[in-house]
Amino acid sequence: MEKISTDAFPLTMPSSEKQETVCIFGTGDFGRSLGLKMLQCGYSIVFGSRTPGMSSLLPNGAEVMSYSDAAQKSDIIIITIHREHYDFLTELTEVLNGKILVDVSNNLKINQYPESNAEYLAQLVPGTHVVKAFNTISAWALQSGALDASRQVFICGNDSKAKQRVMDVVRSLGLTPLDKGSLMAANEIENYPLQLFPMWKFPFYLSAVLCVFFFFYCVIREVIYPYVYEKRDRTFRLPISIPNRVFPIAALTLLALVYLPGVIAAILQLYRGTKYRRFPDWLDHWMLCRKQLGLIALGFAFLHVLYTLVIPIRYYVRWTSNNRTVTQVITKKENPFSTTNSWLSDLYIALGMLGFFLFVLLGITSLPSVSNMVNWREFRFVQSKLGYLTLILCTAHTLVYGGKRFLNPSNLVWYLPSAYVIALIIPCTVLVIKFILILPCIDKTLMRIRQGWERNPKYSEPSLNGKTDI
């Protein structure tokens, strides 16, 4: 491993006349990276190691001693050692008494042990003040100056003064501390780095189910049926044609599912006559996943645009066009110009472009760097008002695509309607219910409920002063 140059990192805190000393137990990758960062920020670093003479690759300016000697140099000791090696700390009980131990460890599995590593450390060395911190920051993030990674550091502990000192250290490194409360929160903090896209699982699974369902639905209609009844091989539709039907259907359905939970929540509030009753857990989780559903829908919309752009260069399309032209020349017949079809075609394309433009705008405003620059009213206007306008345009885009074929019995294959007909069920349902909810007589009642009015006060939750919280 190459030695990391201390000149590669900018200083984030000017050194004071008297440097504060911080002790780090462990000389692994994370310990060395953290020590280097702290050195650059003006701290004096002492490493504790079981083999001080054999420790190498340590940053210039840091001392390395035995655990016992190093612990006597500082009131703050950062433990960069795995939980299974904590036993040696029991031998240092006297030296560690009254000191702040910062636990940075993570596990290999979620809820791997009955208690968190930080709680176990507090039980192992009872005279210390254990604080959980730095476990959500990687050695790479420290080396890169946290410019390309999260700057947020979750912190918890039972001693407020100890937490405050650790938070001061975090800030001096250019990171952002977030107090999560007592040491009981350590288990949640330790599980956080092990979670793989926790808010994305439901949207991913749902989009996968939608894609698989509509893909096989289209295969039955466009590949299997022609082969069974007409002995025609239509398998060439599998790479481009069928995916280009599935992607817009998935995008429209997921976009509608972004706004469906809000409609359901409004109906529940109207039915209950209060806003002070919790929504069902499934609805709460669904509402929390709306941003992810919308971004996946935008991804499918992008794929639909890309697949549509390649249509003119496909062999099947070019062959069909040339063959039709030759046939017209031979038969000396031409298709008369249809103003109606021209209108429908241009309207279909215009609605699609406008819907996609607003779709992209919704995706951009959902980015933290953009949403942090607008106030709540502006954000709500974009995500709600323009969001429903996007849903209307995309639904109209699909309706115009169907045109006169929408309810034509000749389009049924084995009594199965076209896929886009099924895709319109959820969007149209959401738009119809939303239209009903914004009727003045209903909207007025719903607004009163959301401002704290209750039809039946028995569901209210009184505050400490005996009044109902609004």
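Tutor: Residues are numbered from 1 along each chain as its sequence is written, and side-chain values use heavy atoms, with hydrogens and water left out. Because the model is predicted, local features need pLDDT of at least 70 and side-chain atom pairs count only at pLDDT 80 or more, while totals for chains, interfaces and linings use all residues.

Student: What is the strand order of the open sheet of eight strands?

Tutor: Helices (H or I, at least four residues) and strands (E, at least two) are DSSP runs, numbered from the N terminus, and two strands pair if DSSP finds at least two bridges between them. The edge strands, each pairing on one side only, are β3 (63-65) and β8 (176-179). With mixed pairing, the order is β3-β2-β1-β4-β5-β6-β7-β8.

Student: Which residue of β4 is the bridge partner of isoleucine 24?

Tutor: Strands of a sheet pair through backbone hydrogen bonds, either parallel or antiparallel. β1 and β4 run parallel and are joined by three bridges. The partner of isoleucine 24 in β4 is isoleucine 78.

Student: Which residue in β5 stands opposite isoleucine 79?

Tutor: The pairing of β4 with β5 is in the parallel sense, over four bridges. Opposite isoleucine 79 stands aspartate 103.

Student: Which residues of β4 are buried on each of its two faces?

Tutor: Buried means under 20% relative accessible area, exposed over 50%, and partly exposed in between (1.4 Å probe, protein chains only). In a regular strand the side chains alternate between the two faces of the sheet. Both faces of β4 are covered, the buried residues being Ile76 and Ile78 on one side, and Ile77 and Ile79 on the other.

Student: Which residue of β7 is the bridge partner of valine 131?

Tutor: Strand β6 (residues 129-132) and strand β7 (residues 152-157) run antiparallel and are joined by two bridges. The partner of valine 131 in β7 is glycine 157.

Student: What angle does the direction of helix α6 make with that of β7?

Tutor: Axes are lines fitted to C-alpha atoms, for helices over the stretch in contact (heavy atoms within 4.5 Å), and angles run from 0 to 180 degrees between N-to-C directions. Helix α6 (residues 160-172) packs on the sheet, where it touches β4, β5 (100-103), β6, β7 and β8. Its direction and that of β7 make an angle of about 165°.

Student: Is tyrosine 259 buried or exposed?

Tutor: Tyrosine 259 is found in helix α9. Leaving aside neighbours within four places in sequence, its contacts are Leu362, Gln383, Ser384, Gly387, Tyr388 and Val430. Its relative accessible area is 9%, and therefore tyrosine 259 is buried.

Student: Which elements do the buried residues of α13 pack against?

Tutor: Helix α13 (residues 339-365) has 27 residues. Its buried residues are Leu351, Gly355, Leu358, Phe359, Leu362, Gly363 and Thr365. These pack against α9, α11 (290-309), α14 (368-371) and α15 (376-402).

Student: Is lysine 231 buried or exposed?

Tutor: Lysine 231 has a positive phi of about 55° although it is not a glycine. This residue lies in the loop between α8 (201-230) and α9. With a relative accessible area of 63%, lysine 231 is exposed.

How values were computed. Expected span 1.5 Å × (residues − 1).
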